[in-house]
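Subject: Handing over a structure

Hi there,

Here is the structure I promised to pass on to you. Have a look at it first, and then read on for what turned up in it.

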Amino acid sequence: SMAAGNITSSSATITWTTDEASSSQVEYGTTTAYGSQTTLNSTLVTGHSQTISGLASSATYNYRVKSTDAAGNIASSGNFTFTTSAAPDTTAPAISSISSSSITSDSTTIIWTTSEAASSQVEYGTTTAYGFTTTLSSTLMTGHSQTLSSLAASTIYHYRVKSTDAAGNQAVSGDNTFTTSAATDTTAPLISGITSSGISSTGVVITWITNEAASSQVEYGTTTVYGSLSALNSTLVTSHSQTLSSLAASTIYHYRVKSTDAAGNQAVSGDNTFTTSAATDTTLPVISSII
């Protein structure tokens with residue numbers, strides 16, 4: 001009834017029986033030369049058990065048992081073998097090459113690598129207390145990627161990555177940071193303070209202001225179809241002035257102003273009017289009926 005049981009990465013228990021009470025001892029080693037033996041148990045029994053320890057993991061061992069009865073007769077078994085199990089993994093993955101990429105005003109992608117296949121997760125927040133965690137990806141891999149979304153624009157974020165291997169050993173990186181970009185400007189300038197001044201028979205100055213720097217242009221004409229445009233001034237300013245010339249005297253003109261900001265958002269005012277003054281009289285009187 002020879003058997004090797006309770007085999008681990010560093011030990012095994014050898015059991016056997018004898019037909020009469022006798023002592024217990026095991027010779028063992030990685031070859032049939034053995035080289036090691038357990039401490040002799042001189043208690044005379046018929047059911048024997050000896051534990052071998054200090055073994056190498058994932059190794060094949062040869063062994064034989066020896067029993068001596070009360071009269072000093074020694075019995076030795078034939079050769080048997082067993083293989084120790086692999087050593088348990090107690091080492092966490094090594095994390096490296098952490099970076100944040102594709103940063104926008106509200107998202108970024110965190111990437112990193114590990115020395116062995118492991119899960120993926122990121123803790124993040126505006127302080128080192130973090131407060132937010134991505135959904136755990138339990139797929140074991142060495143190249144990791146996690147996307148963070150719904151972030152605040154123009155904000156510094158702290159983050160750290162976490163990876164756990166198949167044996168349950170978890171690695172947590174140190175603190176890292178990234179800064180989200182400014183929010184995309186989708187709001188047109190706000191136009192106010194539209195005035196027409198310096199009105200003459202042939203010209204006028206149109207002024208207005210915007211709540212952010214923007215370009216300047218005026219559409220004008222004798223109807224609300226306008227039909228004419230002043231030259232575009234692409235200089236971005238908040239105080240705007242455009243001069244219209246070559247106008248007809250004593251005429252009602254309709255006009256609206258247009259301003260476009262740096263992000264390309266254009267604002268167009270409502271309709272406004274002004275009336276040019278009468279043309280200057282430059283005709284001499286006609287003299288007649290001289291007596």
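A salt bridge here means a side-chain nitrogen of Lys or Arg within 4 Å of a carboxyl oxygen of Asp or Glu. Before the details, please keep in mind that this is a predicted model, in which local features need pLDDT of at least 70 and side-chain atom pairs count only at pLDDT 80 or more, while totals for chains, interfaces and linings use all residues. Residues are numbered from 1 along each chain as its sequence is written, and side-chain values use heavy atoms, with hydrogens and water left out.

Strands (E, at least two residues) and helices (H or I, at least four) are DSSP runs, numbered from the N terminus. Buried stands for under 20% relative accessible area, exposed for over 50%, and partly exposed for anything in between, with a 1.4 Å probe and protein chains only.

Now to the salt bridges. Searching the whole structure gives three of them.

One joins Arg160 to Glu123, with 2.6 Å between the closest N and O atoms. Arg160 sits in strand β12 and Glu123 in strand β9 (residues 108–125), so this pair ties together parts that are 37 residues apart in sequence. Arg160 is partly exposed at 27% relative accessibility, whereas Glu123 is buried at 15%.

Another links Glu27 and Arg64, again with the closest N and O atoms 2.6 Å apart. Because Glu27 belongs to strand β2 (residues 12–29) and Arg64 to strand β5 (residues 60–68), the pair ties together parts 37 residues apart in sequence. Glu27 counts as buried, with 15% relative accessibility, and Arg64 as partly exposed, with 29%.

There is also a salt bridge between the side chains of Arg256 and Glu219, at 2.6 Å from N to O. Arg256 is in strand β19 (residues 252–260) and Glu219 in strand β16 (residues 204–221), so parts that are 37 residues apart in sequence are tied together here too. Arg256 has a relative accessible area of 27% and is partly exposed; Glu219, at 14%, is buried.

Finally, a look at the backbone. Which loop holds Ser150? Ser150 is found between β11 (137–148) and β12 (156–164). Although Ser150 is not a glycine, its phi is positive, at about 60°, and the residue is exposed at 72% relative accessibility. Ser154 lies in the loop between β11 and β12 as well, and has a positive phi of about 50° without being a glycine.

Enjoy exploring!

Best wishes
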